[in-house]
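The notes after it are meant to be read alongside the coordinates.

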Amino acid sequence: MPDAGTNQLHLRLMASAGVAARLIELGFDWAAVDRQACAALHFKCAEGGTCRVAGLIGGASAGKSTLFNSLVGAEVSRISSVAHETIGPIAACHGDLAAHVAEWIGRGAMFVDFKYEPAGDNPSHGRWDTVTLHRHASEDLRGTVVLDLPDVTSQWSIDEGALTHRLMPWFDVVIVLIDEERWFDAGVFASTVSFARNFGPAIHVLFNATEGGRELSADEGQRLQDHAVAYHIDGCAFSPYRPGSGYRPLDDATRRQVVDWMWQADASRRTAALRAHIRRRCAEIVRVNVERARDYGELLDRVDREMKWSASETRLTFDLLTDDERALLGVGNRWMPLYGAVRAIGRRVRRGGRRDPATGIDFDKRTDELAGVLRRNLEQRFYGVADRVRNAVAGSSYWSDDRTDWAPNWELPAFDETEWARRIRHHIDAWKREAAHHSRRSDAAVLSVGLPLLLADLLFLGGAGVSLMSAAAWAAGLVAGKGLVQSLKRSTAFADYRATVDAYRAFVRESLDEQWTRNLAAMPRRHLPVQEPLLQAMMSLAAPQGP
């Protein structure tokens, strides 16, 4: 179980921009709000109860900036008749806290990714990447940082609305301002309030009258409160219409109610909600990573099987031999029935002991022919395996639909087929000499069996002798043939030949392994390895004990 210090380090890691970029590059769903949640929980644990943060959110022209200016006692946030005036976060805190807030923002401990800027003398509409900070002297807001935020409803506020959602994990209190005339068709707030609830703030609604006219009846006011209760709001209040433009102070009752809301924030509820959100998000990424790591392992296993197939294929040992040379390795092909051998011996006796002219085995295999066979074999093996590996990669479930455009790049390795052919021919020639030597030694054995049968055939047995001689010849030929074949297969020259072919096969496998290693290094990853500190951090934060 990780200790509190370890989890603090993990939270800080998960709040960093580098981690976010890494996860996005790998295709994981790690949003900016998740980073802010990690940073907010880290800040809350590190700074304790140093301050509270209250966010004012609402639709266009709902009166957020008017409420903000009234709370801090100065026109800090610009107000105009044009909707969507505020485009960046504008904050205010007591002067005693301002230096700390400026330092926290400046070093990235608070509102990560936002820069700090002190408020000027003129009202501001804010900047999308900067927190503009105003210092005030209101004692009832001591220890509270209040933020005026861009609206979340206008067509112009898509990016700025996302900014408001991104900062949601920082708010201990969310005050939703709603123009009472537009509340009943303001379904967009359902998603905003639901999203805010993920992070555990106290959520209050201030129905703000922005236009003059008759006051709400008791029934209309109750209907508004019923709508608020349907969204599980912690509390609601009504702010009467105040004529005029620009900076207008709140009435005392409304101000007191809003300030009371800020002091009633439940810190433990927000801490628990932040932990639950981080645990849930990290657990989801860990789960997806496990699936991707499994798919990655299956892809590597399939590629390895294709590589092993190339190394285990042994047909080349025979493809490099002529038909007559291959016949030396087969009993039926190499050895005719002994009856035919005996007749050949008879012909030899009639020629005065001279051997038959050499026919059959042609050992004059040219080096260039061997080189051609090797070159064709290399191309067939290499491109065959490359195609199968390419198909394995393209068909793997490791890839998402938008990443299947990557494919391995294979290049035929440098290969001196002539030198390999010379080495192989050298061993075949040596084997040829051993085969000729064994053939001469076998003549004596053939003669010792065949001569008595030949004399019996000629002098005594007639047709019956032919049958007897044929049966004996088949049996003797089978035994002698097997012995000769085994002798040829066990010969040193043949072993050298096979060792050279195996060395060539190993060269092909090593070349394929080298190319696959290069391709593997270039292959885009979609998962984190087990030993990755980032994965270890997420596994720790996703554990039941939580961050």
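Predicted model: local features only at pLDDT ≥ 70, side-chain atom pairs only at ≥ 80, totals over all residues.

Residues are numbered from 1 along each chain as its sequence is written, and side-chain values use heavy atoms, with hydrogens and water left out. The secondary structure of the chain comes to 18 helices and 8 strands, where helices (H or I, at least four residues) and strands (E, at least two) are DSSP runs numbered from the N terminus. Of the 547 residues, 49% count as buried; buried means under 20% relative accessible area, exposed over 50%, and partly exposed in between, with a 1.4 Å probe and protein chains only. Among contacts (heavy atoms within 4.5 Å) between residues at least 6 apart in sequence, 82% join residues at least 24 apart.

**Helix H3**

- The 16 residues of H3 should span 22 Å at 1.5 Å a residue, and the end C-alpha atoms of H3 are 22 Å apart, which agrees; the expected span is 1.5 Å times one less than the number of residues.
- H3 is largely enclosed by the rest of the structure, because 12 of its 16 residues are buried.
- The buried residues of H3 include Val33, Asp34, Arg35 and Gln36, and also His42, Phe43 and Lys44.

- Leaving aside residues up to four places away in sequence, Met538 touches Met14, Leu23, Cys282, Ile285, Val286 and Leu528.

**Positive phi angles in one loop**

- Phe111, placed in the loop between helix H5 (95-106) and strand S3 (115-118), has a positive phi of about 50 degrees although it is not a glycine.
- Phe111 counts as buried, at 1% relative accessibility.
- Asp113, which lies in the loop between H5 and S3, also is a residue other than glycine with a positive phi, near 80 degrees.
- Asp113 is partly exposed, with a relative accessible area of 45%.

**Salt bridges**

- Side chains of opposite charge can pair when their charged atoms come close.
- The structure holds 24 salt bridges, each defined as a side-chain nitrogen of Lys or Arg within 4 Å of a carboxyl oxygen of Asp or Glu.
- Asp172 forms a salt bridge with Lys44, and the closest N and O atoms of the pair are 3.5 Å apart.
- Asp172 lies in the loop between helix H6 (158-166) and strand S6 (173-179) and Lys44 lies in helix H3, so the pair ties together parts that are 128 residues apart in sequence.
- Both partners are buried, Asp172 with a relative accessible area of 6% and Lys44 with one of 14%.
- Glu291 forms a salt bridge with Arg287, with the closest N and O atoms 2.7 Å apart, and these residues are separated by about one helical turn because they are 4 residues apart in helix H10, residues 267-312.
- Glu291 counts as partly exposed at 33% relative accessibility, and Arg287 counts as partly exposed at 40%.
- Salt bridges that share partners join Asp29, Asp34 and Arg281 into one network.
- The side chains of Arg142 and Glu139 also meet in a salt bridge, at 2.8 Å from N to O, and Arg142 is partly exposed, with a relative accessible area of 33%.

**Enclosed space**

- A search of the whole structure finds 1 cavity of 30 Å³ or more; on a 1 Å grid over the protein atoms alone, a cavity is a set of points where a 1.4 Å probe fits but cannot get out, and lining residues have an atom within 4 Å of a point.
- About 70 Å³ of space lies in the largest cavity, a volume being the space filled by probe spheres set on the points, which are joined across faces, edges and corners.
- The largest cavity is lined by 10 residues, of which Phe43, Lys44, Cys51, Asp172 and Arg270 lie nearest its centre.
- H3 gives the most to this lining, with 3 residues.

Notes
1 Å grid on protein atoms, 1.4 Å probe; cavity = no way out; pocket = protein on both sides within 12 Å on 5 of 7 lines; lining within 4 Å.
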